[in-house]
Amino acid sequence: MYEDGENPVYRFSYIWTDPNNIAYAILGVFIFSLFNIKTHDYKSFLYLGVVLFVCLISMSTTAWLILFSIVLPCFFYKLNFQDFKTLLFTFFLTLCILFFGTQAISNILMSDIALQSFDRFQSNNIGSESGLSRLEIWSKVYSYYESDIHKYIFLGQGYQLHYKDRLIKPYNGIFLIFFAYGFFALILFLYIFFKFKLKRTYIFMVPFFLCFFINVMIGELKLFLLYIFLLAFVRAKEFK
């Protein structure tokens with residue numbers, strides 16, 4: 001739930017534990033489909049509409065940043081503007097939106113959900129429901145273990161992090177694995193799951209890595225398994 005003023009607005013999370021995770025998943029799958037699956041341009045436009053809708057109702061600030069900085073450039077890069085049919089479809093779609101969809105889009109943008117979503121983005125609220133930003137949370141978590149950080153080179157506390165008998169949520173996958181299993185376990189994990197090549201087929205990893213970095217990801221098993229399946233698909237294709 002996101003509260004700002006008198007009217008609380010619930011963020012869309014579907015079957016996920018965190019509303020941000022569904023946005024990361026949709027963004028990652030969309031980029032994956034652009035560069036790893038043959039998809040008609042008209043379907044790509046339809047999928048982009050779904051992506052925009054999910055980003056809006058999930059109210060994820062990071063999702064909006066990924067959308068504008070990575071997803072949209074990849075989308076327009078992938079469109080085949082040299083194809084006359086693609087140009088014609090894009091032209092007619094733009095006309096339809098201008099003539100028939102303007103009022104509907106205006107109503108959506110003026111809704112409480114949209115206004116709250118934009119407010120979160122403008123306030124740079126990349127944080128948790130507690131109100132603390134990610135940087136504040138990370139700084140606080142690091143301060144708990146700073147004095148004996150050398151102890152975590154080989155071993156850690158286990159998946160549930162504690163400090164003075166209090167459960168700690170680091171909101172950072174790197175911190176979680178480092179303090180839970182040790183430095184070498186972290187290096188091994190990053191090598192296995194985030195080793196990449198400078199190819200377009202690996203761009204889909206960006207939203208998932210940001211989810212790991214900002215929202216842990218591995219705690220959301222549905223999301224983590226989805227990422228593993230996509231990664232396995234890309235790596236398997238290289239050996240064919």
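## Questions on a predicted helical model

Biologist: Between which two elements does the loop that holds Tyr171 lie?

Modeller: The model is predicted. In it, Tyr171 is placed in a loop. The elements on either side of that loop are strand S4 (166–168) and H8.

Biologist: Does Tyr171 count as buried, partly exposed or exposed?

Modeller: The relative accessibility of Tyr171 is 24%. Buried would require a value under 20%, and exposed a value over 50%. Because 24% falls in between, Tyr171 counts as partly exposed.

Biologist: What is the phi of Tyr171?

Modeller: Most residues other than glycine have a negative phi. Tyr171 is a residue other than glycine, yet its phi is positive. The value is near 50°.

Biologist: How many helices and how many strands are there in the protein?

Modeller: Buried residues account for 41% of the 240 residues. Among contacts with a separation of 6 or more, 68% join residues 24 or more positions apart. The secondary structure of the protein consists of eleven helices and four strands.

Biologist: Is Met217 buried or exposed?

Modeller: Met217 is located in the loop between H10 and H11. Leaving aside residues up to four places away in sequence, Met217 touches Phe194, Phe208, Cys211, Phe212, Leu223, Phe224 and Tyr227. Its relative accessibility is 1%, so Met217 counts as buried.

Biologist: What is the phi of Val216, the residue that follows H10?

Modeller: Met217 is a residue other than glycine with a positive phi, near 70°. Val216, which follows H10, also has a positive phi. For Val216 the value is near 75°.

Biologist: Which elements are included in what covers the buried residues of H10?

Modeller: The buried residues in H10 are Met205, Pro207, Phe208, Cys211, Phe212, Ile214 and Asn215. Their cover includes several other helices. Those helices are H1, H3, H7, H8, H9 and H11.

Biologist: By class, how many residues of each kind are in the contact of H2 with H3?

Modeller: H2 contributes Ser44, Phe45, Leu48, Val51, Leu52, Cys55 and Leu56 to this contact. H3 contributes Ala63, Trp64, Leu67, Leu72 and Phe75. By class, the contact has eleven nonpolar, one polar and no charged residues.

Biologist: How are H9 and H11 placed to each other?

Modeller: Their axes come within 10 Å. The crossing angle is roughly 60°. H9 and H11 are therefore, to each other, oblique.

Biologist: By class, how many charged residues are in the contact of H9 with H11?

Modeller: From H9 come Phe189, Tyr191, Ile192, Phe193 and Phe194, and from H11 come Phe224, Tyr227, Ile228, Leu231 and Arg235. Nine residues of the contact are nonpolar and no residues are polar. The number of charged residues is one.

Biologist: Which residues does Lys78 touch, not counting residues up to four places away in sequence?

Modeller: Lys78 is part of helix H3 and is partly exposed, with a relative accessible area of 36%. Lys78 and Phe35 are 43 residues apart in sequence, but 7.9 Å apart in space, C-alpha to C-alpha. Not counting residues up to four places away in sequence, Lys78 touches Leu34 and Phe35.

Biologist: How many Å apart in space are Lys151 and Gly182, C-alpha to C-alpha?

Modeller: Lys151 is in the loop between H7 and strand S3 (161–163), and Lys151 counts as exposed at 54% relative accessibility. In sequence, Lys151 and Gly182 are 31 residues apart. In space, C-alpha to C-alpha, the distance is 8.3 Å.

How values were computed
Residues numbered from 1 in each chain as written. Predicted model: local features only at pLDDT ≥ 70, side-chain atom pairs only at ≥ 80, totals over all residues. Heavy atoms only, no water. Contact = heavy atoms within 4.5 Å. Nonpolar A, V, L, I, M, F, W, Y, C, P; charged D, E, K, R; others polar. Buried < 20%, exposed > 50% of the residue type's maximum accessible area, 1.4 Å probe, protein only. Axes fitted to C-alpha atoms, helices over the stretch in contact; angles between N-to-C directions. Parallel < 35°, antiparallel > 145°, perpendicular 65-115°, else oblique.
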